[in-house]
Amino acid sequence: MSTPELIVHVGFPKCASTFLQRLVFPHVPGIELERSTKTSELYRALSLLHWADGESDRQRILDAFRDRAFRDNKRYLISAEHFVMPGDCLRTRYPRPVTLSDSEEIIDRIAALDVPIKILILVREQGSWVRSWHQERVKRHETRSLVEYIAAPETRKTLDLIQYVPLIRKLQERFGSGNVFPIPFETLRHDPEWFFSRMPFEFEYTEDDRAKTIKRSLNSEAVLLRRNLNKILLLLSGLTGGETDTDRFAYRTVKRITSFDAFFPKMLKQSQHEKDYLEEFRRGYGENNATISAITGYDVSKLGYTVA
């Protein structure tokens with residue numbers, strides 16, 4: 001008799017999550033996809049910091065999934081790239097309460113499901129990742145430059161996470177080394193056959209799918225424009241006394257305008273100051289990245305990672 005299994009794609013964000021969620025996970029044979037949406041009870045029970053109906057009701061939902069999994073003996077998959085991130089990782093503008101749990105709590109809840117678990121975690125070269133992550137924050141009101149963001153004390157928790165090794169070791173201790181699948185994101189472009197061979201499932205991959213989905217970063221001018229628009233919105237918020245309907249309308253309008261990436265050339269263009277700063281930033285991960293090669297089985301120096 002078969003046994004149930006839950007595959008959890010825990011992150012990292014900015015590591016081909018859209019590609020996987022749109023073109024891979026829904027088409028994996030023999031897998032039932034648990035949608036990671038605000039309406040998914042399993043996703044909400046795993047990720048939300050506070051549960052309106054109390055922790056006993058949260059546990060009821062988690063127990064119901066476990067019972068269903070053993071009853072149906074299916075393989076399930078849930079994908080939520082923020083599962084490895086701090087709960088406040090995208091908090092940038094208003095003093096809103098944090099709604100998502102930190103990764104430690106989420107991992108505890110996943111383990112407590114008490115079904116066979118496999119963990120998929122994608123990593124990315126740290127300099128490239130932090131640039132892409134900063135751009136994501138700029139879409140959500142960030143006004144600081146990349147250099148200012150990296151230097152901010154509250155960013156330290158996120159920067160520690162992209163050492164990757166301590167987190168992967170914790171996952172291996174919790175779920176077993178053979179049940180954790182760390183994969184360098186860059187291999188999807190450079191060595192797709194290897195990339196898919198390391199997945200915890202079989203998937204029939206086509207080159208056309210990848211070519212249509214992998215995106216490049218916006219150039220620095222586009223990011224600067226968005227940051228300056230965020231500053232204007234922040235000023236408007238102050239003049240209107242906080243988050244008013246006018247404020248929300250202005251934000252949605254700017255977000256919609258700047259979401260049209262065709263307005264901006266897709267080139268990895270940086271200022272010299274930013275390049276120099278990122279080079280020093282990357283060197284701080286050099287020794288750590290040698291271990292990443294050993295853990296993943298891929299020489300990440302060939303992918304542009306700084307390796308001491």
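This is a predicted model: local features need pLDDT of at least 70, side-chain atom pairs count only at pLDDT 80 or more; totals for chains, interfaces and linings use all residues.

Residues are numbered from 1 along each chain as its sequence is written, and side-chain values use heavy atoms, with hydrogens and water left out.

**Exercise 1. Describe how helix H5 packs against helix H14.**

Step 1: Find the helices (DSSP runs of H or I, at least four residues, numbered from the N terminus, as strands are with E and at least two). H5 covers residues 126-138 and H14 covers residues 272-283.

Step 2: Take the axes, which are lines fitted to C-alpha atoms over the stretch in contact, with angles from 0 to 180 degrees between N-to-C directions. Here the angle is about 125° and the axes are 9 Å apart. That makes H5 oblique to H14 (under 35 degrees is roughly parallel, over 145 roughly antiparallel, 65 to 115 roughly perpendicular, and the rest oblique).

Step 3: List the contact (heavy atoms within 4.5 Å). H5 brings Gln126, Gly127, Ser128, Val130 and Arg131, while H14 brings Glu274, Leu278, Phe281 and Arg282.

**Exercise 2. Work out how H8 meets helix H15.**

Step 1: The axes of H8 and H15 (residues 286-296) come within 10 Å and cross at roughly 35°.

Step 2: On the H8 side you find Val165, Pro166, Ile168, Arg169 and Gln172, and they meet Asn288, Thr291, Ile292 and Ile295 of H15.

Step 3: Sort these residues by class (Ala, Val, Leu, Ile, Met, Phe, Trp, Tyr, Cys and Pro are nonpolar, Asp, Glu, Lys and Arg charged, and the others, Gly among them, polar). The contact of H8 with H15 has 5 nonpolar, 3 polar and 1 charged.

**Exercise 3. Describe the aromatic pair of Phe65 and Tyr76.**

Step 1: Rings of Phe, Tyr and Trp (its six-membered ring) pair if their centres lie within 6.5 Å; planes under 30 degrees apart are stacked, over 60 edge-to-face, and the rest tilted. The whole structure has 11 aromatic pairs.

Step 2: Phe65 and Tyr76 are 5.2 Å centre to centre with 70° between the planes, an edge-to-face pair.

Step 3: Phe65 lies in helix H3 (residues 55-72) and Tyr76 in strand S3 (residues 75-79), so the pair ties together parts that are 11 residues apart in sequence.
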